[in-house]
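Trainee: I'd like to learn how to read a protein model. Could you walk me through one, feature by feature?

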Amino acid sequence: MYPTPAEEPFVSLPATHREVRLAALPDGVLTPGHFEVVTAPVPTPGPGQVLVRNRLMSVAAVMRPLTLADPDTFGLPQLLHRAGEVMRGAALGEVVRAPGTDLAPGTLVRHRAGWREYAVLNASEVSPVDPEALPDPAAHLSQGFTAWLGVVRGAGVRRGDTVFVTGAAGGVGSLAGQFARLHGAARVIGSTSSRHKADRLTRELGYDAVVLRGAGSIEEQLRAAAPDGIDVLFDTVGGEQLRAALALARRNARFALVGALAAQLSDDALAPTAISTLALITRSITLRGISAVDHQDAMPAYLSEFGRALREGALTYPYTRLTGLDRAPGALCELVEGRHLGAVLVEL
């Protein structure tokens with residue numbers, strides 16, 4: 001039986017809360033004007049559902065609203081936001097009410113209904129968070145799992161490898177280079193968009209060299225940074241950087257593709273990248289797309305390694321923390337423009 005209201009712990013709730021909706025799909029540059037912060041009634045959970053008070057949410061460049069003519073053809077509906085809808089993204093929050101579930105009020109959970117102060121989800125859509133698993137609760141909102149998967153399962157980084165990480169200053173790339181080093185990489189090269197971020201990558205995050213987007217040919221810069229070629233590509237970008245990596249790939253190189261920001265941040269989110277299939281064959285290069293959705297069985301191993309590395313100081317989690325839901329639209333625009341290093345979190 002479900003608990004009656006009298007049996008539930010009393011929690012005083014406001015009548016309304018705030019949420020960020022997409023006001024209009026961008027046609028070109030994304031601006032805060034494409035979003036609106038609105039007031040709406042606090043939702044009520046039904047049996048088997050959970051009402052969560054969000055405390056911290058992630059903002060990532062991949063959340064940029066996309067316009068696709070036929071999203072179902074490419075299996076991408078989960079990436080889409082339609083005008084008038086509330087934005088979505090990873091968040092941490094506390095369970096307020098959960099009728100007919102095993103979740104107690106106050107339980108810290110992770111879910112995908114950020115961009116709002118309160119959210120109602122099915123119990124299966126929230127994951128309780130072990131506060132002892134990671135030394136910083138904010139690290140539960142990192143994109144470290146994607147970074148770890150690409151390094152460990154996607155590319156199988158091993159001792160002595162030369163690794164090229166595209167989008168190295170992003171929420172994924174800033175951790176991928178560090179995981180590659182932990183797994184034995186001898187040389188780690190990254191790409192980014194500014195000299196300031198390049199300096200931070202080499203000074204703070206263990207990168208040996210950095211290729212600068214917009215500072216000349218990516219292939220020529222990569223050739224100078226890796227004159228003997230690369231063994232691994234950890235790719236969050238695609239496009240010219242993927243082609244450059246292929247040109248420098250050694251025999252039996254392994255490419256892990258975890259993102260396609262070059263296309264997603266352009267006017268054509270499904271823009272193809274032309275590569276040589278003959279080069280893949282003659283050099284026995286492995287090209288693998290990898291998504292966290294297909295590897296949830298690896299979560300315990302990842303949390304164990306990530307938590308240990310953070311506690312021992314072998315790895316750092318760089319992030320910017322902003323306060324207030326109204327900061328989220330601007331933060332996303334800044335991320336798309338490349339103005340942040342690491343993750344961006346918004347405290348609600």
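This is a predicted model: local features need pLDDT of at least 70, side-chain atom pairs count only at pLDDT 80 or more; totals for chains, interfaces and linings use all residues.

Trainee: Got it. At what angle do the axes of helix H1 and helix H2 cross?

Mentor: First, the labels: helices (H or I, at least four residues) and strands (E, at least two) are DSSP runs, numbered from the N terminus. Axes are lines fitted to C-alpha atoms, for helices over the stretch in contact, and angles run from 0 to 180 degrees between N-to-C directions. The axes of H1 (residues 144-154) and H2 (residues 173-182) cross at roughly 40 degrees and come within 8 Å. That makes H1 oblique to H2 (under 35 degrees is roughly parallel, over 145 roughly antiparallel, 65 to 115 roughly perpendicular, and the rest oblique).

Trainee: And which residues of H1 and H2 make the contact?

Mentor: Contact means heavy atoms within 4.5 Å. From H1 you have Gly 144, Ala 147, Trp 148 and Val 151, and from H2 Leu 175, Ala 176, Phe 179 and Ala 180. Sorted by class, they give seven nonpolar, one polar and no charged. Ala, Val, Leu, Ile, Met, Phe, Trp, Tyr, Cys and Pro count as nonpolar, Asp, Glu, Lys and Arg as charged, and the others, Gly among them, as polar.

Trainee: What about H2 and helix H8?

Mentor: H8 covers residues 299-312, and its axis comes within 12 Å of that of H2, crossing at roughly 90 degrees. So H2 is roughly perpendicular to H8. Leu 175, Phe 179 and Leu 182 of H2 meet Tyr 302, Glu 305, Phe 306 and Ala 309 of H8. That contact has six nonpolar, no polar and one charged residues.

Trainee: How many salt bridges are there in the whole structure?

Mentor: Side chains of opposite charge can pair when their charged atoms come close. A salt bridge is a side-chain nitrogen of Lys or Arg within 4 Å of a carboxyl oxygen of Asp or Glu. The search finds 15. Arg 18 pairs with Glu 117, their closest N and O atoms being 3.2 Å apart. Arg 18 sits in strand E1 (residues 16-22) and Glu 117 in the loop between strand E5 (108-111) and strand E6 (118-122), so the pair ties together parts 99 residues apart in sequence.

Note on methods. Residues are numbered from 1 along each chain as its sequence is written. Side-chain values use heavy atoms; hydrogens and water are left out.
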